[in-house]
Amino acid sequence: QVQLVESGGGLVQPGGSLTLSCVASGSIFHIVAMGWYRQAPGKERELVASRTAGGNSDYSASVRGRFTISRISGGNAVDLQMNSLKPDDTAVYYCNMRAYTAPSEWDDYWGRGTQVTVSS
């Protein structure tokens, strides 16, 4: 069984920084990509940042230049460094992983989410 566990959320003032971490465990054959999504109250879940196994990163326009995603080399983990946080960044942040559990079996996996609140 594959499991994703997030950590690092919390309350921060506007302009502050937070780092989210996500660790994957279980029967993982090959990770295609890992990333972060977020969902604010009343809004749809949206992609924040993703990173492929090949090292390519993608960011939403709203966070580009402020957030950095990094894959822990050789490990099943990914961090999201968030700088210059704004109240609009307030949301539940979810870790996502697309991975194979066998040579021909892949799926998308989700963590339970971690709350990030940006407020003075």
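A nonpolar core is a set of buried Ala, Val, Leu, Ile, Met, Phe, Trp, Tyr and Cys residues joined through side-chain atoms within 4.5 Å. The model discussed here is predicted.

Q: How many residues does the largest nonpolar core have, and which have the most contacts inside it?
A: The largest core has 29 residues. Trp36, Leu80, Met82, Tyr93 and Met97 have the most contacts inside it. Strands 3 (18-25), 4 (30-39), 5 (46-52), 7 (67-71), 8 (77-82), 9 (91-102) and 11 (114-118) each supply at least two of its residues. Strand 9 gives the largest share, with 5 residues.

Q: What makes Met82 buried?
A: Buried means under 20% relative accessible area. Met82 has 0%, so Met82 is buried. Met82 lies in strand 8. Beyond four places in sequence, Met82 touches Gly16, Ser17, Leu18, Leu20, Arg66, Phe67, Tyr93 and Val116.

Q: How far apart are Met82 and Ser17 in sequence and in space?
A: In sequence, 65 residues separate Met82 and Ser17. In space, their C-alpha atoms are 5.4 Å apart.

Q: Which residues is Leu80 in contact with, leaving aside neighbours within four places in sequence?
A: The partners of Leu80 are Leu18, Thr19, Leu20, Trp36, Val48, Ala49, Phe67, Thr68, Ile69 and Tyr93.

Q: Why is Thr114 called buried?
A: The cut-off is under 20%. Thr114 has a relative accessible area of 12%, so Thr114 is buried. Thr114 sits in strand 11. Apart from neighbours within four places, Thr114 is in contact with Glu6, Gly9, Leu20, Ala91, Val92 and Tyr93.

Q: What lies 3.3 Å from the backbone nitrogen of Gly9?
A: A polar atom of the Thr114 side chain lies there. A polar contact asks for a pair of N or O atoms within 3.5 Å. The distance of 3.3 Å is within that limit.

Q: How do you know that Cys22 and Cys95 are joined by a disulfide?
A: A disulfide needs two cysteine sulfur atoms within 2.5 Å. For Cys22 and Cys95, the S to S distance is 2.0 Å. The distance meets the cut-off, so the pair counts as a disulfide. A search of the whole structure finds 1 disulfide. Cys22 lies in strand 3 and Cys95 in strand 9, so the bond ties together parts 73 residues apart in sequence.

Q: Is the link of Cys22 and Cys95 left-handed or right-handed?
A: The link is left-handed, with -85 degrees about the S-S bond.

Q: Are Cys22 and Cys95 buried or exposed?
A: Cys22 counts as buried, at 0% relative accessibility. Cys95 counts as buried too, at 0%. The cut-off is under 20%.

Q: Why is the contact of Arg38 and Glu46 called a salt bridge?
A: The rule is a side-chain nitrogen of Lys or Arg within 4 Å of a carboxyl oxygen of Asp or Glu. The side chains of Arg38 and Glu46 meet at 2.7 Å, N to O. The distance is within the limit, so the pair qualifies. The structure holds 4 salt bridges.

Q: Are Arg38 and Glu46 buried, exposed or partly exposed?
A: Arg38 is buried, at 6% relative accessible area. Glu46 is partly exposed, at 34%.

Q: What makes Arg98 and Asp108 a salt bridge?
A: Their side chains meet at 2.9 Å, N to O. That is within 4 Å, so the pair counts. Arg98 is in strand 9 and Asp108 in strand 10 (residues 105-110), 10 residues apart. Arg98 is partly exposed at 35% relative accessibility. Asp108 is partly exposed at 27%.

Q: Which residues do salt bridges that share partners join into one network?
A: Arg38, Glu46, Arg66 and Asp89 belong to one network.

Q: How do you know that strand 4 and strand 9 pair?
A: Pairing takes at least two bridges between strands. Strand 4 and strand 9 have 9 bridges, in the antiparallel sense. Gly35 stands opposite Asn96 in strand 9.

Q: What makes strand 4 and strand 5 pair?
A: They share 6 bridges, again antiparallel. At least two are needed, so the strands pair. Glu46 in strand 5 is the bridge partner of Arg38. The hairpin of strand 4 and strand 5 has 6 residues between the strands, and Gly42 takes a positive phi near 80 degrees there.

How values were computed: Residues numbered from 1 in each chain as written. Predicted model: local features only at pLDDT ≥ 70, side-chain atom pairs only at ≥ 80, totals over all residues. Heavy atoms only, no water. Buried < 20%, exposed > 50% of the residue type's maximum accessible area, 1.4 Å probe, protein only. Helix = DSSP H or I, 4+ residues; strand = E, 2+ residues; numbered from the N terminus. Contact = heavy atoms within 4.5 Å. Polar contact = N/O pair within 3.5 Å; in protein donor to acceptor, adjacent residues only side chain to side chain.
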